[in-house]
Amino acid sequence: MNDEINELPPKICEQCLGNETNIRMTKIPQGSECKICTLPFTLYHFKTSKRSSNLIKTLICQRCATQRNICQCCMLDSRWHIPIQLRDHLISIVNEENVITEEAKNDMMKRFLSLKDVKLGGAQITSDASEADNIIDKLKSILLRATSDNSNLPLQRQKVTAVNQNEHDTNDVKNIEKYASLDISYLLKKLPLNESFSRNASTRSYFLYNIDTSIPEWKISDAISQLLDVKKWSDGNSLSLIVNHKARCGGLRFQSNELGEKFVSKISDTLSTPKDLKRGILPIERFKIFIIPWTSGFSAASFGANVAENIKLSLSLNKLIQLELGVHSFVKSADNSKKGKTKTPKKVHKLKAKKSKSRANKLIL
Ligand SMILES: [Zn+2]
Ligand SMILES: [Zn+2]
């Protein structure tokens, strides 16, 4: 019954095949029983080099491998080279739906399942290049948020805190409550949030936000001077930079429009917001600072008159960043899937405060 599919070459990943250009592969029809469906299948075995003592064998049949989009030898996902469970878990988190590769319990059902023409669990995603890219893009946005919110925690700790209880999360939630009544609309109005980043911008001032508290000001000015290929720009007064870490944003002003134009022309990466506005991206280590032209210019007071206003501004920008990254809409749709129509950001915060939701929710904010 497996004859037709056995005409195709075996589904073996590059990692298993190794680097040698010519490898001898032995084919034994009905040579083994599939570890998944128990049916006999065409066994292939090979060595990655003549001198290798390690004989690599296909462990599962091609049908089972195709259904799960995995390698017949290492049984890892063919695209991402990770175990099936991890792949499915990752996709479940990102897509906020339960994706599992359900395996049949008894031999009868295993055989029956193996004959079906289906893609199981996360294989539906990773067997399709654009679906897989889509997940990676979403994951990047989530990680970008998670890293910029968890500032200088090492990755491992970030995971733990995200799973248990994110201190930063609580701080933000506390701060949201604490500063709920503080009105900073006069500050927000003066920020160029409705302006769009353009490589042809002719201005000398720029608004910078999504600045992680762990990035020192000198790192930002170093990155800019490197970009402009200007040495010791600060001595020459070619630009001034104000970073307000409490507000997690800042302003950048060049001495001339020409320098400003050069700066935007060197920014290679941009982000398009759902409102169709563009943000330039200045990468610093694993962080990404967003850039918008600020034609009206700024002063130190543009980021708040006191610490409370600074913090409130950072919270407002945080919300904006979530919207701009599309993270918010992703929370919203998840909520919908479970409870029908729900809505406001308030609802989302409530859920988070109660710790009642899945891990994916905790990655946000
Ligand atoms: Zn099988
Ligand atoms: Zn493999």
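Visitor: How many helices and strands does the protein have?

Guide: The model is predicted. Both kinds of element occur in the protein. The count is 16 helices and 9 strands.

Visitor: Among contacts between residues at least 6 apart in sequence, what percentage join residues at least 24 apart?

Guide: The protein has 365 residues, and 32% of them are buried. For the contacts you ask about, the share joining residues at least 24 apart is 64%.

Visitor: Which residues have the most contacts inside the largest nonpolar core?

Guide: That core has 30 residues. Among the elements giving two or more residues to it are strand 4 (205–209), helix 11 (217–228) and strand 9 (287–293). Those with the most contacts inside the core are Phe207, Leu208, Cys249 and Ile291.

Visitor: Leaving out residues up to four places away in sequence, which residues does Phe207 touch?

Guide: Phe207 is one of the residues with the most contacts inside the largest core. Its contacts, with those sequence neighbours left out, are Leu191, Pro192, Cys249, Gly251, Ile292 and Trp294.

Visitor: How many residues are in the other core, the one with Tyr44 and Cys64?

Guide: This core lies apart from the largest one. Its members include Tyr44, Cys64, Ile70 and Cys73. Its size is 16 residues.

Visitor: Is Asp276 buried or exposed?

Guide: Asp276 sits in the loop between strand 7 (269–272) and strand 8 (278–284). Asp276 has 7, so the label is exposed.

Visitor: Thr38 has a positive phi too, so why does Thr38 count as partly exposed?

Guide: Thr38 is in the loop between strand 1 (25–33) and strand 2 (40–46). Its phi is about 70 degrees, although it is not a glycine. Buried needs 20 or more neighbours, and exposed needs 12 or fewer. Thr38 is partly exposed because its count of C-beta neighbours inside 10 Å is 17.

Visitor: Which residue in strand 8 stands opposite Leu271?

Guide: Strand 7 and strand 8 run antiparallel, joined by 4 bridges. Their hairpin has 5 residues between the strands. Opposite Leu271 stands Arg279.

Visitor: Which residue in strand 9 is the bridge partner of Leu282?

Guide: Strand 8 and strand 9 are antiparallel, with 5 bridges between them. They form a hairpin with 2 residues between them, and Glu285 in the turn has a positive phi of about 50 degrees. The bridge partner of Leu282 is Ile289.

Note on methods:
Residues are numbered from 1 along each chain as its sequence is written. Chains are lettered from A and ligands numbered from 1 in the order in which they are written. This is a predicted model: local features need pLDDT of at least 70, side-chain atom pairs count only at pLDDT 80 or more; totals for chains, interfaces and linings use all residues. Two residues are in contact if their C-beta atoms, placed from the backbone, lie within 7 Å. A nonpolar core is a set of buried Ala, Val, Leu, Ile, Met, Phe, Trp, Tyr and Cys residues joined through C-beta atoms within 7 Å. Two strands pair if DSSP finds at least two bridges between them.
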